[in-house]
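Here are my notes on this model, as numbered points. Please read them with the structure open.

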Amino acid sequence: MKIKQYFETGKDIFTTLNVATVGYRNSYRELLMHLFSTTVPDGLVRIKILAIACAPYNKLPGLMSLDGVAFYDSVEELCENIADVNIVFDLSEEGEYIEKVKQCAPKKVSVVGGDAMLLFRKTVIDPEPLEIKACDLDRALGLFSTFVDKAEEEFWLLDKEGVVLDANSVVLNRERDEEFEGTHEKLVNNVLLYALQPGNAVTESINTARRTDQVVTNVTSDGELQYFGLSAYPVVKRDGTVRSVILTRRDITENYFMVRNLQQTEKLAAVGEMSAFVAHEIRNPLFAIGGFANALLKQNHLEGGDRKKIEIIFNESKRLEKILKIILNFARPAHGSDGEVDVNEVIMEALGLLRLKFEAQGGIVISNLSEKVAKVRGNPDQVKQCVINGIKNGFEAMPHGGTLKVETTLSADNWVIVRIIDSGEGIPDDVREHIFNPFFSTKSGGTGLGLAMTKKIIEDMGGKVKLRSKPYKGTMLAFYLPPISLNPPKPPKQETKGSEDDTGNVGFFGGPAEYIP
């Protein structure tokens, strides 16, 4: 038997509850008139009385609602005949029958005090306002779901233990990120692997009940470095405790490098302003020191110890002069006259200068140069300098021998690509993000300007530099150069992280069935 019985009359839908009463009080008539009034507004609960027990019949008011009502003298007799009753009201003054009715009545029957019947008369079930509220809720939910699913960010709904409750379409439609999500076959109701890592934004947000931001890095399967911005928003209950967490994740690699390039530009501007002062204040005394040291070395009466000290002074002055020249060139590189550059020819010249020592150590050099690559417009000496820097770094990454591969190709979007691939130990993650920073070097005695200058020269030519590295497998340095062609290179396409289904509405509270708890 259903607790609520629905009846339809014309366009009105209302609910009827079958009740029974036990006991009697002085205000019995007022309670019944309130409870069983025939002038009930549309949309309120309709009450139908089926049985009365332990109440004097001659004292009951003559209401229409009492027609056909069964009367019983005891609670036991009442409880044996209330199969269709939903609720029993104890209308006695002190509620003396409640416990006894609870013991005797069927389990599906509710037993309450008489004063509780006032609540039923105030219970609104009018379908029209409920339908309006339902429409408003559907509209709000649809707007929220559409906003979340159309956003570029990944949205995750997590509980306090890091269990995934839901996610938006960006997460559900892209390839699985096992390092971030875990290796389970299903997404929803799995513990998010990131939430188990120390110092994660989810745990911090739960502990502080505040928004927490974090930037994390990820190395793709092909060795490319990515940056993700994470934000954890706590869902706080009224008592101040956190019920769940909304986590967003967005690929900020492009924005991150734009900021880095801006910072590097500012550094270069500072170096440029300083270069004139350096040239004037340091170069002249440095030349004087080197010149006098060279003159002293030409004297024959110097003893062995003194000559050694002067040689050190002379060599260090030459090294400082070289560093000063690199700094000045890096701050204001001389473009020279642009011309046509045959990258294959430049690579062969660079290999001819550097490969002998590497091969003498047991290294192997492989060149795979495509004859179909177009020439590029630029300064031949600067392009050669970039290639030499790349090849030299590859050789230095393999001090005990290995394989260096240099290849050229023309991409489908009209870029001349030069790839320098070594089989060294790879670049650690904490070093990779600083590799193109000026004055950053892991080499003893290095200036940290080789790759920084290489990147600047290539970008000044209108090209771009890409670096991919995997630990213990090697590193690939790639130059993308604009060719001399009627068709300029096409701008790189924005990679998409996922696709929508036919409905265009997938994810939060509306995802595919396999992701729904």
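1. Start with strand S18. In this predicted model, S18 is mostly covered: eight of its eight residues are buried. Both faces are covered. On one side sit Gly 474, Met 476, Ala 478 and Tyr 480, and on the other Thr 475, Leu 477, Phe 479 and Leu 481. In a regular strand, side chains alternate between the two faces of the sheet.

2. Where does S18 sit in its sheet? The order is S13-S15-S16-S18-S17. This is an open sheet of five strands, and its pairing is mixed. The edge strands are S13 (364-369) and S17 (464-470), each of which pairs on one side only. Neighbouring strands are turned by 10° against each other on average, direction ignored.

3. Now the partners of S18. Strand S16 (residues 416-422) and S18 (residues 474-481) pair in the antiparallel sense over seven bridges. Ile 420 has Leu 477 as its bridge partner in S18. Ile 421 stands opposite Met 476. S17 and S18 also pair in the antiparallel sense, over seven bridges. Here Lys 464 stands opposite Tyr 480. S17 and S18 form a hairpin, with three residues between them. Check Tyr 472 in that turn: its phi is positive, about 65°.

4. Helix H14 (residues 450-460) lies across S17 and S18. H14 runs at about 30° to S18.

5. There is another open sheet of five strands, in the order S8-S7-S11-S10-S9. Its pairing is antiparallel. S8 (164-167) and S9 (212-219) have a single partner strand each, so one side of each is left without a neighbour in the sheet. The twist averages 25° from one strand to the next. S9 and S10 (residues 225-236) pair over eight bridges in the antiparallel sense. Among the details, Thr 212 has Ala 232 as its bridge partner in S10.

6. Next, the salt bridges: the count comes to 16. Glu 152 and Arg 250 meet through their side chains at 3.0 Å, N to O. Glu 152 lies in the loop between helix H5 (127-150) and strand S7 (154-159), while Arg 250 is in strand S11 (residues 242-251), so the pair ties together parts that are 98 residues apart in sequence. Glu 152 is exposed, with a relative accessible area of 58%. Arg 250 is partly exposed, at 32%.

7. Which salt-bridge residues are linked in a network? They are Glu 154, Arg 174, Arg 176, Asp 177, Glu 181 and Arg 249. Glu 154 and Arg 174 form a salt bridge at 2.8 Å, N to O. Glu 154 is in S7, and Arg 174 is in the loop between helix H6 (169-173) and H7, 20 residues apart. Glu 154 counts as buried at 4% relative accessibility. Arg 174 is buried too, at 12%.

8. Arg 249 lies in S11 and Asp 177 in the loop between H6 and H7, so the pair ties together parts that are 72 residues apart in sequence. Arg 249 has 4% relative accessibility and counts as buried. Asp 177 counts as buried at 14%. The cut-off behind these labels is under 20% relative accessible area.

9. Is Thr 21 buried or exposed? Thr 21 is buried, with a relative accessible area of 0%. Its place is in strand S2 (residues 12-22). Leaving aside neighbours within four places in sequence, Thr 21 is in contact with Tyr 28, Ile 49, Ala 51, Ile 52, Ala 53, Leu 78, Phe 89 and Leu 91.

10. On the surface, Val 191, Leu 193 and Leu 196 form a nonpolar patch. Together they have about 240 Å² of accessible area. Leu 193 lies in the loop between helix H7 (178-181) and helix H8 (201-208). Leu 193 counts as partly exposed, at 33% relative accessibility.

11. Finally, the totals. The protein has 14 helices and 18 strands. Buried residues make up 40% of its 517 residues. The protein exposes about 30,200 Å², and carbon and sulfur atoms supply 53% of that area.

Key. Residues numbered from 1 in each chain as written. Predicted model: local features only at pLDDT ≥ 70, side-chain atom pairs only at ≥ 80, totals over all residues. Heavy atoms only, no water. Pairing = 2+ DSSP bridges. Helix = DSSP H or I, 4+ residues; strand = E, 2+ residues; numbered from the N terminus. Axes fitted to C-alpha atoms, helices over the stretch in contact; angles between N-to-C directions. Contact = heavy atoms within 4.5 Å. Patch = residues over 30% accessible without salt bridge, like charges linked within 9 Å, V, L, I, M, F, W, Y side chains within 5 Å. Areas by Shrake-Rupley, 256 points an atom, 1.4 Å probe, with all protein chains shown as cover. Salt bridge = Lys/Arg side-chain N within 4 Å of Asp/Glu carboxyl O. Buried < 20%, exposed > 50% of the residue type's maximum accessible area, 1.4 Å probe, protein only.
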